[in-house]
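Subject: Chain A and chain B interface

Hello,

Here is the structure for your files. Please open it before reading on.

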Amino acid sequence: MLLRWNDIDNAFAMLDEARREMDRWVRRMTEGGDLPSVPQWASGWPRMQFIDMGNELALVAEVPGLSEKDVNVSVNQDVLTISGERRTQVPEGYQTHRHERASVKFSRSFALPCKVDLEKTTALARNGILTVTLPKAPESQPRQIQVKSS
Amino acid sequence: MSDKNVAKRETTDVERIERRRTYAPAVDIFENTEEILMYADMPGVTLDEVKINFEKNQLTMEGTCTCLKDYEKDDGFVYTRKFVVPGGIDPDRISAELRNGVLTIHLPKQDSLRPREIAVQAG
């Protein structure tokens, strides 16, 4: 019973496209137009993960088409906020066959679960991936507690 | 003697089946009289991990992202999508660039197919 995993993975790729197709269809029903060129607030984009790596917190966001000047990262009172805007204009003089990459605005906030060292926090935008690394403050670092017998 | 533990088969088999997750990237396709222009979102893919294949009017683009290995315990994932391209594209002049995770492909049309004015003569 050898399953071919590649076939299953490709089926999920088709579901991605089906989901986008549904998004477009719903948008068309509610707004009566094609993809708008003014950026709309997005809730599902960009895809991101907020991970506790042990000695630091990391936020990884997929932001294709955005460079370091297009995203804003800020920390305010233990809340980390990422925001930005992506414009995908139809180029001048071109006819549109397919337009899946919509213009979006986004703003996502995360409550930080522990104290972080703001001086050492870095944010790197490379190849369309934004990685924000927040090293934990010394008092929040994980530590071993020694177990004694008496 | 084969390993009776079915759950561990992938580590004892000689053949390793690739199990990367596959996604279909979002794509924009535009066209004018000179070329067909395509944009594909492939965040995290670098120049050495992207492949574009054009064969018999089928264009296949594939990009692998392994840069999130520190955060996800797997081999990364693959963005792939295939398109049937209409005839009349000049394959020697196809060009592509990758910037900020967005792949841009230019498919120029053959010169013989450009629209042209035909002079009308009095006959």
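My notes on the interface follow.

This is a predicted model: local features need pLDDT of at least 70, side-chain atom pairs count only at pLDDT 80 or more, and totals for chains, interfaces and linings use all residues. Residues are numbered from 1 along each chain as its sequence is written, chains are lettered from A and ligands numbered from 1 in the order written, and side-chain values use heavy atoms, with hydrogens and water left out.

Extent. 38 residues of chain A are in contact with 38 residues of chain B (heavy atoms within 4.5 Å). The buried area is about 3,200 Å² (accessible area, 1.4 Å probe, lost on being put together and summed over both parts). Carbon and sulfur atoms give 53% of that area. In chain A, Tyr94(A), Arg101(A) and Asn127(A) lose the most area to chain B, together 21% of what that side buries.

One joins Arg81(B) to Glu100(A), at 2.9 Å from N to O.

Strands. β6(A) pairs with β2(B), residues 27–31, in the antiparallel sense over four bridges. Strands here are DSSP runs (E, at least two residues), numbered from the N terminus, and pairing needs at least two DSSP bridges. Within this pairing, Asp28(B) of β2(B) stands opposite His99(A).

Best wishes

How values were computed:
Buried area is the accessible area (1.4 Å probe) that two parts lose on being put together, summed over both. A salt bridge is a side-chain nitrogen of Lys or Arg within 4 Å of a carboxyl oxygen of Asp or Glu.
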